[in-house]
Amino acid sequence: MTRNPPAPAIKELIGPYENWVHGEVGKQFALHDFDGEGDAALSAMGELARGHALLKSCQAVKIGRELTAITPTLWEDVYAGEADSFFAPFMLTTLTKFLSGDDPLRRMTAALGSFAATGVARVKKGQKTARGVFGYRINAPFPVESIDKAFLQEGREPEFGEIPAYIRREKRMSIVAVIDDGFAFAHANLRDRNGSTRVECCWLQSGSIAPRKQERTVLFGRELTRVAIDRLASEYSCDEDELYRVVGGAKAKYGGAASRFGAHGSHVLDIAAGYRHEQSVNGPASRKDEAGDDLDLVRIIAVQLPAPITAETTGFGKDAALLSAFHYIFDRADRIAKQYGIENPPLAINFSYGYTGGPHNGSEPLERAIKQLIDMRSKRAVTSLVMPSGNNFQSSLYGEITSQNLRNNRFTIPWRIPPNDRTSNYLEIWLPEGAGKKPERPRIIGPTGPFVLAEQIMGSARQGLPLQIWDILSDDVAIGQLSVDEYRPGLWRMLVIAAPTEVVAVGVPAAPCGLWRIEVEPNGALSRGKRISCRIQRDADPLGYARGARQSYFDDPSDRPFDGAGAPSDEDAPGAFVRRFGSINGIATHECVITVGGYSRATQLPAPYSSSGAVDGEDESRPSVSYSAPSSDSTALPGISAAGTRSGSRLRLVGTSAAAPQFTRALAIAALSPAREEGGRSRPHHAKSLVERLPHLRPVVADPASPHNGQEFARRRARLGAAMLVDDDR
């Protein structure tokens with residue numbers, strides 16, 4: 001696992017992504033299909049000094065005369081830590097007047113930047129207060145009709161209902177939390193032996209506000225506790241379609257979520273915590289897990305992300321929604337524990353999500369925010385976070401520039417952008433740590449010749465770290481954006497953004513499809529064996545969505561996509577720019593995450609798509625795959641079978657998103673058994689101690705029949721991790 005380098009506070013408000021998505025050029029592409037009605041709020045995440053006014057759950061804070069910031073449910077325990085700064089999600093409202101003037105981004109920079117330094121509340125005498133300037137990262141817009149402003153004044157508590165008798169009797173419980181999209185929270189697989197749901201609470205972040213006042217327990221969207229789910233399941237027992245429509249769980253502009261036969265979230269949730277009815281001899285009344293542990297004791301928390309957030313696959317705009325989900329899970333886990341009278345129950349969080357971009361060193365702000373939460377709860381209870389390694393091993397989305405493939409101190413990145421793509425494309429170029437001075441601006445050549453670059457004036461005036469932004473012009477019309485910024489001290493990033501190659505709005509320009517060539521001059525940045533990492537953001541429609549996204553890729557003539565037998569190659573060609581190893585999930589690179597790869601049950605070999613860490617011996621500081629679990633039964637039977645969105649339905653999901661929840665499930669079951677005694681003292685219940693207790697974890701070993709034993713073993717470890725979960729106890 002990577003060692004996280006020290007990271008400074010967020011100092012940018014308008015970075016290159018924000019400038020594109022909310023700026024005059026990019027917003028016509030990035031937000032053209034936002035489904036808000038009328039006025040909209042703007043989600044944001046802040047890194048704030050101790051005692052800041054926004055580090056408090058469910059508050060409304062005025063920012064100057066025009067803006068109001070409101071905070072959702074926060075797990076305030078984390079703010080009792082010793083850190084100098086803390087993270088918090090919030091919503092900016094009353095934006096209509098604010099954004100109606102000239103240059104709204106510049107005005108918002110000034111307003112929020114000032115509040116970052118002045119919003120620190122008075123603290124008790126002698127309490128440590130952080131000094132320095134902290135800041136914000138603005139995210140995606142959010143429909144105001146999903147915000148319950150009255151909740152700020154009334155602050156209602158969730159009602160979970162009567163404690164099941166078997167938990168009261170056994171006095172043990174494990175909590176599984178899943179963050180995803182499209183939950184079938186009323187599915188029969190999630191019910192206990194008495195027919196009652198095991199879902200303690202489900203937060204639909206963009207769901208309709210609850211019609212019953214007593215059920216309005218969250219700032220935005222809708223929360224359904226066990227009492228409400230059981231009531232709805234009874235009322236709509238013969239029509240699950242109507243149930244999900246009524247609560248807003250099937251709301252999705254692109255035709256996804258729970259409105260379809262299958263959904264990513266329903267499948268993942270079933271693997272992580274659901275029953276398998278066919279394994280029960282005597283029916284639902286006596287359902288037992290194969291390991292002998294009663295899954296009724298595994299209680300469930302679910303957070304369904306807004307559909308537009310899920311549909312946008314680059315990672316931009318998600319920080320506030322995702323961090324809100326983690327805060328909600330930690331808060332509700334404490335409330336459930338208190339109600340059940342079980343002190344510090346173990347919590348396993350499954351987050352089957354991934355980015356392909358990012359610095360890949362644990363310094364991404366959202367990663368740091370999540371790590372801060374997990375570190376704090378882990379001091380008193382076992383807290384595990386499980387994420388997939390990614391599905392981009394064969395996608396040609398990662399490339400490395402080294403001194404060996406330079407020509408005249410220059411390298412040309414071959415970026416193939418497909419036709420009929422209705423979403424923007426993003427290419428990140430990361431210089432090595434400590435590269436020194438600001439890099440030279442790359443030259444961008446389109447399919448028909450060089451593009452003209454026009455510098456944006458506002459880019460040079462950004463608060464905080466250095467940033468320059470240029471519009472990419474084709475026939476004097478902006479069809480993209482180039483930026484050079486210091487992501488944090490000593491770490492430079494260049495970002496090339498291309499507009500969609502197919503647009504539906506009249507008068508909106510499209511970027512040319514074909515081969516884009518990005519000429520980079522490292523100027524000494526590659527000394528001492530260092531590398532420039534090039535990463536294309538994922539741009540493919542998730543399960544159940546149809547935005548018209550098409551994936552761009554590196555078109556490297558030196559790469560060998562197939563081996564001698566015609567199968568997809570699992571090696572990196574010597575001297576090639578495209579790299580398979582190092583393609584790991586960009587938001588699973590901090591120390592508190594268990595990263596799970598996928599393999600085929602039939603062959604025990606890594607799945608062709610399962611993303612990888614670096615090969616052992618290359619660089620131990622780079623992120624790696626922790627463990628692996630089945631993600632396919634065989635080549636002829638790809639994917640893992642689990643629940644669809646309706647009770648009794650099933651589908652197969654292909655990808656490491658199906659491997660991660662199997663590991664989550666195994667951890668939750670292991671946590672139900674008491675810790676072993678050593679020298680009269682109980683072993684600590686942390687994630688590593690739970691992994692050691694998994695009964696079906698087999699170490700990854702070399703193939704003795706392989707003529708290249710050492711190389712083959714290094715590649716297997718990079719993709720499968722230290723061990724494989726050979727029986728997922730479903």
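How many helices and how many strands does the protein have? In this model, which is predicted, the protein has 15 helices and 31 strands. Of the 730 residues in the protein, 62% are buried. Among the contacts with a separation of 6 or more, 77% are accounted for by residues 24 or more positions apart.

We can begin with the sheets. Strands of a sheet pair through backbone hydrogen bonds, either parallel or antiparallel.

Strand β18, residues 467–474, contains Q468. If neighbours within four places in sequence are left aside, Q468 is in contact with K438, E455, L482, S483 and V484. Q468 and E486, which lie 18 residues apart in sequence, are 9.6 Å apart in space from C-alpha to C-alpha.

Another open sheet has five strands in the order β16-β15-β21-β13-β23, again with antiparallel pairing. Which strands are at the edges of this sheet? They are β16 (449–450) and β23 (553–554), each of which pairs on one side only. The partner of β23 is strand β13 (residues 411–417), and the two pair in the antiparallel sense over two bridges, with W415 standing opposite F554 in β23.

A further strand pair is made by β7 (residues 199–204) and β8, which are joined in the antiparallel sense over four bridges; here W203 has E223 in β8 as its bridge partner.

The helices can be followed through two packed pairs. Helix α9 (residues 264–273) packs against helix α13 (residues 660–672) at an angle of about 30°, with the axes 7 Å apart. Angles under 35 degrees count as roughly parallel, and α9 and α13 are therefore roughly parallel to each other. Their crossing is right-handed. On the α9 side the contact is made by V268, D270, I271, A272 and A273, and on the α13 side by P661, Q662 and R665. By class, this contact of α9 with α13 has five nonpolar, one polar and two charged residues.

In the other pair, the axes of helix α11 (residues 319–340) and helix α12 (residues 365–377) come within 10 Å and cross at roughly 10°, so α11 and α12 are likewise roughly parallel to each other. Helix α11 contributes D319, L322, L323, F326, H327, F330, A333 and D334 to the contact, while α12 contributes L366, A369, I370, L373, I374 and R377. The residues of this contact of α11 with α12 divide into ten nonpolar, one polar and three charged.

How values were computed:
Residues are numbered from 1 along each chain as its sequence is written. This is a predicted model: local features need pLDDT of at least 70, side-chain atom pairs count only at pLDDT 80 or more; totals for chains, interfaces and linings use all residues. Side-chain values use heavy atoms; hydrogens and water are left out. Axes are lines fitted to C-alpha atoms, for helices over the stretch in contact, and angles run from 0 to 180 degrees between N-to-C directions. Angles under 35 degrees count as roughly parallel, over 145 as roughly antiparallel, 65 to 115 as roughly perpendicular and the rest as oblique. A crossing is left-handed if the near helix is turned anticlockwise from the far one by less than a right angle, and right-handed if clockwise. Contact means heavy atoms within 4.5 Å. Ala, Val, Leu, Ile, Met, Phe, Trp, Tyr, Cys and Pro count as nonpolar, Asp, Glu, Lys and Arg as charged, and the others, Gly among them, as polar. Buried means under 20% relative accessible area, exposed over 50%, partly exposed in between (1.4 Å probe, protein chains only). Two strands pair if DSSP finds at least two bridges between them.
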